[in-house]
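Dear colleague,

I am handing over the structure below, and after it I set out what I found on going through it. Please read it with the model open beside you.

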Amino acid sequence: MKILVLIFCLFSSVSAYANPCAPNIGKLPVLEKGRIKPLNVLSEETFQFLNRKFSIKDKTLSQTYCLFALKNTLGETNLKLRAVIENQKVRAFLNANEDTHYEELGPRLKDINREIMLQKDESAYKRSLEELRKKITVYTKMVTGAAWTIARVKDQKVSWVPIADFVLSPDGRSFIEMSNKEAINFINTNVKMIQEIEGNQFRVEHIFRNLRLHKWSLYINLLAFAILFVTKRFPIVLGLSFLSVLAQTLLIILRVYVSGRAPITNMYETVMFSGYGALVISLIVGHFTKEKLYVYVGLFYNLLTLMMMNFATGMLSDTISPLVPVLRDNFWLSTHVTTIIMSYGALALSWILANYLIIKTRFSTVDKAKAKYVNTLIYNCLKFGVILLAAGIILGGVWADYSWGRFWGWDPKETWSLIVLCIYMAILHGKGTSWITDNIFSHLVSLAFLSVMMAWFGVNYILASGLHSYGFSQGGAVFLGSFFAIQILILVLTYKKDAYIR
Amino acid sequence: MEFARLYHKAENSLGSLKFAVIIIMVFTIFMIAGTFAESYYGTEFANRLIYKKWPFMVIQLVMFISILMATFKRFPLRKPFYGFYSLHLGLLLTFSGSFITYYSGIDGNVTLLPGIPSRSIELPKDQIKLNFSSEQKSFVMDLPDVATTKKLNIEYKGIKFRNFLPYSENVTAWIPSKQNFLSANYTLSNAMVAQNFTLTNSPEAKDFQSTLSLGPLSIHFLPDVLQPCFAKETKSKLIIWNANTQNCFTPEDYKIEIKETSKGNRFLVIPHNGALVSFFPDFSPWPVNENFEIQRENPLKIFSKKIFESSPHLFLFGHGVSYFEDDNWVSEKIKVDESLSLPWMGFEITLHRAEKTFYPILRPNPILPIQKNSEIIKGNQRAVELEYKGDTYYVTDSKPVILGTDNDWIKVSLQKQKLELPFEFLLTNFKMDTDPGTNNPASYESFVQLFSGNEGSKNHHIFMNNPLKHAGFTFYQASYFKTENSGYGSVLSANYDPGRPIKYLGSLILILGTMWHYLIRRKKKAAFFSKGS
């Protein structure tokens, strides 16, 4: 993708003007999609969707959002946002180029609608058109001041007014004419008032958003691995692991506080929680068994999950949104999902260990004792994995029974978790026969993890999309496909009469 | 002796680890196939194709036997196997409990409309029901739980039930007609929308009509012999149509005088077969008698083009098209597969087929259902093909068939099996909360009154994660729907599960046994991997 630079004119005129878009505006509470959140979250999510490269010098994204939302009122007609259109066919259809901005596309919504309707079959073209339509709508809602709602208090009751309506009221008119300094006071007063009525979650979320703990955790883990490879000093790696755990603990606590529920309700959170849980458990197990390998494997898996959280943002959305009614039961949600996610974490550790062993066996030398030892570690992970998975599946059944009267309904998610359990049970049973030798045990364990990936991501990103759509997250399908391909490639490359045992 | 030998053989083969691996993998492969079928064709289809069909049942039975044999193989009881015993006992119990649920459990829906008491559970089973006009009795026949078309070959009182189509979609079929009425199929389209429709004048074509409204546009389908009169520019803009002779004329053709009443309403009198027929063309197409009663039996009808000038009306005559535009009536001809531009919003009309010797019917056609966003978007219609007195009929779950016998009738309907409860529900209130500032439901709650014979009535509050338990049944808040008068109806799922305690006990023993087996028995680990050097 080409780097899309900002279109931004006459920045000096923006700051010289009476300007309520003060630096602290990100704190302001907003009601959007059924939840009160700070403006900085709305701004970041909006620009992430519309044009993630966009920024205005010396302005926060919240200030930028504010300028766009008040564009017409403040007379900032030069403020433009470049549209991101990746599909070449869509570009050709719209005669769009590098400099096409959303403002120009607004009037073409009709053409886009018609073109979408004319597409009989699902295609990348149609999907891109639909995506663009969504973007134009979001942009329009931003610049017309419809998306940003501002809290007004009357008789201790909060009502939410779109900013477009607010600026027409007497209060709003004076807000528009405020200088930066006056606006700071106005914002602080508003925040304080709403905090007293609605609680301080949005305040915490504002700070949480700015802390970017997932980034810091990633840096810490990378540093830990750099030190491991360069100096091989275990105490430093261990220290950094603790620091990473600390950062992630804070991340999870803040997220739980803001959302008011267990941190396991969407893909992003399950990835986060499994990485976190795996690292914590491997530190504990590593401490008691005095085995460094556990720490390395746990840290490595944690690194993988952090990379997904930081870079796979198209697939894993960190947006906190209200839950569907049936999931609003913290007890069952925490017990059932946590158990499953912990089991996936344990199985992921077995997967990393298995790959470590097969790669090392193929490209280096591993003696029998070492191989046996690693196999035992893999087996230990599998044990915990299958126990937790069996328990998690049953807890899910009990929850389903309790919530809608069906212990088991052959729903794809539950069926796939049973498939995972069956595949690992087949390996564990087979290990007792002559069919699965110590040689191929690790190969099979690394292959079996693909079933976990299918149950975890595949059900949502491949199965849920059904036959006639490309799914709600194409990124997910690509990710899963690459994962499968890489694992199979590793197995093919390491396929050789193994160096040990016979 | 012989039995003991055989049993030992079975124990050693079915109870072996290798057999366990095989049967687990077969079970897994079936499940994987099931999840893909589910994602393409929906949950029910997957159940009917795989999960609730005998091959999958047999696999589970074989697993059960294998687990049983594996357990017996490790008898007499030995301490190192305690974990193993409990784990496998837990599995056997869970299997048994699930079988009991499958065999004698009840799982259905109770649909509640506000203010209307209900006492029946709708079950997933499909049934054919026959009602006879002469008898009070009705006849009910269960249909098989199949995924694809199934031959029935059942005959009852002269009705031959031929095929059951569990998933079908209506297609238009053209049937040879003994009468001579016009029917045609068109597409009306512009850049935004396209709509295909079939219109008919044939009384045989019960599935189709002669008029259609598409937004502000009204479409009228008329006999082709009428079009020449539409093309005539006359002052009165009246057309008279004789249904017996199938011809038309205008008042001007026969110099029939058009008079006006004192209030300015037009009327005219036409001599016909020696009688005088009076019309008020701006009020009714039918003639009136001296008492101003409408005479529908009269073959003469009158048609005022004036009425159709104020809003968009399209007249179709098979190969002819007429409409009013710019103060003029336009009449044109259209050939099959030709398009004609219309004066409204860039619309054009295409003729696909026009027939007089055939008439159209809707005939269910078997298809694979298609699921999108966990809803069946195609094929969501059940149908049964039946034959009666040499004619073929289709009964669907939305449309029963009435078969006429010599002097009475039989009503054939396709419906869900119903279970009558010994108590009654009344939905008194339905509450839906939304997430602030959105229309997404945050919770839905039903307030019901439960009437049971000896206990009188009691109020209950059913919502997500808070079911109602009564008389062995559990009622859960499942979904809701909007009623015609903008209230809400509620759907409760009703469930009776005698296998529940066994499943729960089995699950508990299974989990404890697994932990015991894997975590407490440490000796096994040493032997699990061959010893290193």
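Strand 13 of chain B is joined to strand 14 (residues 266-272) of chain B by 3 bridges, and Lys259(B) has Phe267(B), in strand 14 of chain B, as its bridge partner.

Turning to the interface, 57 residues of chain B are in contact with 52 residues of chain A. On the side of chain B that touches chain A, the elements giving two or more residues include helix 3 (43-51), strand 29 (441-452), helix 7 (500-520) and helix 8 (523-528) of chain B, while the largest share, 15 residues, comes from helix 2 of chain B. By residue class, this side of chain B divides into 29 nonpolar, 21 polar and 7 charged residues.

In chain A, helix 17 (residues 330-363) and helix 20 (residues 438-463) pack at an angle of about 145°, with their axes 8 Å apart, and helix 17 of chain A passes helix 20 of chain A in a left-handed crossing. Among the residues that make the contact are Tyr344(A), Trp351(A) and Ile358(A) of helix 17 of chain A, and His443(A), Phe449(A) and Trp456(A) of helix 20 of chain A. The residues of this contact divide into 11 nonpolar, 5 polar and no charged.

A word on confidence: chain A averages a pLDDT of 87, and 93% of the residues score at least 70. Over residues 1-16 of chain A, however, the pLDDT is below 50, although this stretch has 20 contacts in the model beyond near neighbours in sequence. The pLDDT also stays under 50 over residues 467-473 of chain A, for which the model has 20 contacts beyond four places in sequence. Where pLDDT is low, the predicted coordinates should not be read in detail.

With best wishes

Notes
Residues are numbered from 1 along each chain as its sequence is written. Chains are lettered from A and ligands numbered from 1 in the order in which they are written. This is a predicted model: local features need pLDDT of at least 70, side-chain atom pairs count only at pLDDT 80 or more; totals for chains, interfaces and linings use all residues. Axes are lines fitted to C-alpha atoms, for helices over the stretch in contact, and angles run from 0 to 180 degrees between N-to-C directions. Helices (H or I, at least four residues) and strands (E, at least two) are DSSP runs, numbered from the N terminus. A crossing is left-handed if the near helix is turned anticlockwise from the far one by less than a right angle, and right-handed if clockwise. Two residues are in contact if their C-beta atoms, placed from the backbone, lie within 7 Å. Ala, Val, Leu, Ile, Met, Phe, Trp, Tyr, Cys and Pro count as nonpolar, Asp, Glu, Lys and Arg as charged, and the others, Gly among them, as polar. Two strands pair if DSSP finds at least two bridges between them. pLDDT is the predictor's confidence in each residue, from 0 to 100.
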